[in-house]
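The sequence and structure come first, followed by notes grouped by topic.

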Amino acid sequence: MVGKILEKMAKDWFWAGMVLAVALATVFPEFGSIGGAMHAEQVSNWGIFMIFLLHGLALSTEHLRRGMSRWELHLLVQAMTFMVFPILYFPFRALFGGLMPPGLLLGFLYLCALPSTVSSSVAMTAIARGNVPAAIFNATLSSLLGIVLTPSIVELIEGVQGTGGLSFGHAVVNISLMLLLPFVLGQVLRPFFGKLASRHKKFINTFDKLVIVVLVYGTFCDSVKSGLWTHTGLEVLVVTLGGAALLLALALFLSSWVGKRMGMPVEDRITAVFCGSKKTLASGVPMARLIFGANPALGLIVLPIMFYHPLQLFVCSLLASRYARRDEIPASPVGAAMPGVPAVEAVRVRS
């Protein structure tokens, strides 16, 4: 199983693209930096806008309505995402703050403040035969709440002003304009273009990944020009990987343990595990540029989510397969997104 997952990840051009983006930024930082020939500011803004416009077009409101009734589950998932993770940051900072540069430590705070992802949370829940409609509702709600809560948490704990970024008010306004506005516009246009978006999900997914790779390239160009690699070394990458693995392990354990203590059915516990432990890369990189502005440490700030994202996919893939083999998990209606459609196919929504 592990070999198959590693082989699949090796064949995915997205991960190769991420590595290539960092390598190119290291060699050619001038081209993609702010004010460079690429015009990274305009490219990034239009790319972010189009991603969330397509998110709005692709997301079915019917899926959201089906999952709204499990309020205990929703409370657990959102509390894990926006309360437990930020609380975990305090002992994390106490233990590892002295081993990390300030920008990387800020990146771990930002990771803890990010909303959940949509597509992988829902897909993993479907594979594990969990409550798919509730997963769609929670992951989408998390993304929308993150527009306000993510910059709020960073401001409350560290202060955006003190990090070289934007003020809290400007951060929320920019995030709303660049993320919420196109998402709402996509929902408004869904009756007219929703079927077209459904037929071209593969293209939308490819476009989504391409924009993220471009954003990563531009982000690291600015950071390399500011001395990212001259002031940090291999030990930073090792510490980042270890920190991301520790936070993921704690989140998986706590979401499962609390779900059991609350007496939730197995399907709901599965949803809590996969939605409560995930963090979004697709929204994380664009939001970082909007929250932290031209902070010279931006490359370090996004480094934890860049490590956390593939790690969560790898670990949660193993967990989903394990859950799916459990005899006590029946194939119930809550584990299917739409009648007559395989669950994994039915839940291919945007992250």
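**Core and aromatic contacts**

The largest nonpolar core has 82 residues, and those touching the most other members are Tyr-110, Val-216, Leu-247, Phe-274, Phe-292 and Tyr-308. Helix H16 gives the most to this core, with 13 residues. The model is a predicted one.

**Overall make-up**

- The protein chain contains 17 helices and zero strands.
- Of its 351 residues, 55% are buried.
- Among contacts in the protein chain with a separation of 6 or more, 87% are between residues 24 or more positions apart.

**A core residue and its neighbours**

- Val-216, one of the core residues that touch the most other members, is in contact with Met-18, Ala-21, Val-22, Val-285 and Met-306, leaving aside residues up to four places away in sequence.

**Helix H6**

- Helix H6 runs over residues 71-96, which is 26 residues.
- From its first C-alpha to its last, H6 reaches 36 Å, close to the 38 Å expected at 1.5 Å a residue.
- At Met-80, H6 bends by about 45 degrees.

**Aromatic pairs**

- Searching the whole structure gives seven aromatic pairs.
- In one of them, the ring centres of Phe-85 and Tyr-308 are 6.5 Å apart; the planes meet at 75 degrees, over the 60 degree cut-off, so this pair is edge-to-face.
- Phe-85 belongs to helix H6 and Tyr-308 to helix H16 (residues 298-324), so the pair ties together parts that are 223 residues apart in sequence.
- Phe-85 and Tyr-308 are both buried.
- The ring centres of Phe-92 and Phe-96 are 5.1 Å apart and their planes are at 50 degrees, so that pair is tilted.
- Phe-92 and Phe-96 are separated by about one helical turn, because they are four residues apart in helix H6.
- Phe-92 has a relative accessible area of 4% and is therefore buried, whereas Phe-96, at 26%, is partly exposed.
- Phe-92, Phe-96 and Phe-108 are linked into a cluster by ring pairs.

**A charge over a ring**

- Phe-85 also has a charged group over its ring: the charged end of Lys-279 sits there, 4.2 Å from the ring centre.

How values were computed:
Residues numbered from 1 in each chain as written. Predicted model: local features only at pLDDT ≥ 70, side-chain atom pairs only at ≥ 80, totals over all residues. Heavy atoms only, no water. Helix = DSSP H or I, 4+ residues; strand = E, 2+ residues; numbered from the N terminus. Expected span 1.5 Å × (residues − 1). Bend = angle between axes of the 7 residues up to and from the residue. Phe/Tyr/Trp six-rings, centres within 6.5 Å; stacked < 30°, edge-to-face > 60°. Buried < 20%, exposed > 50% of the residue type's maximum accessible area, 1.4 Å probe, protein only. Lys NZ or Arg CZ within 6 Å of the ring centre and 35° of its normal. Core = buried A, V, L, I, M, F, W, Y, C linked by side-chain atoms within 4.5 Å. Contact = heavy atoms within 4.5 Å.
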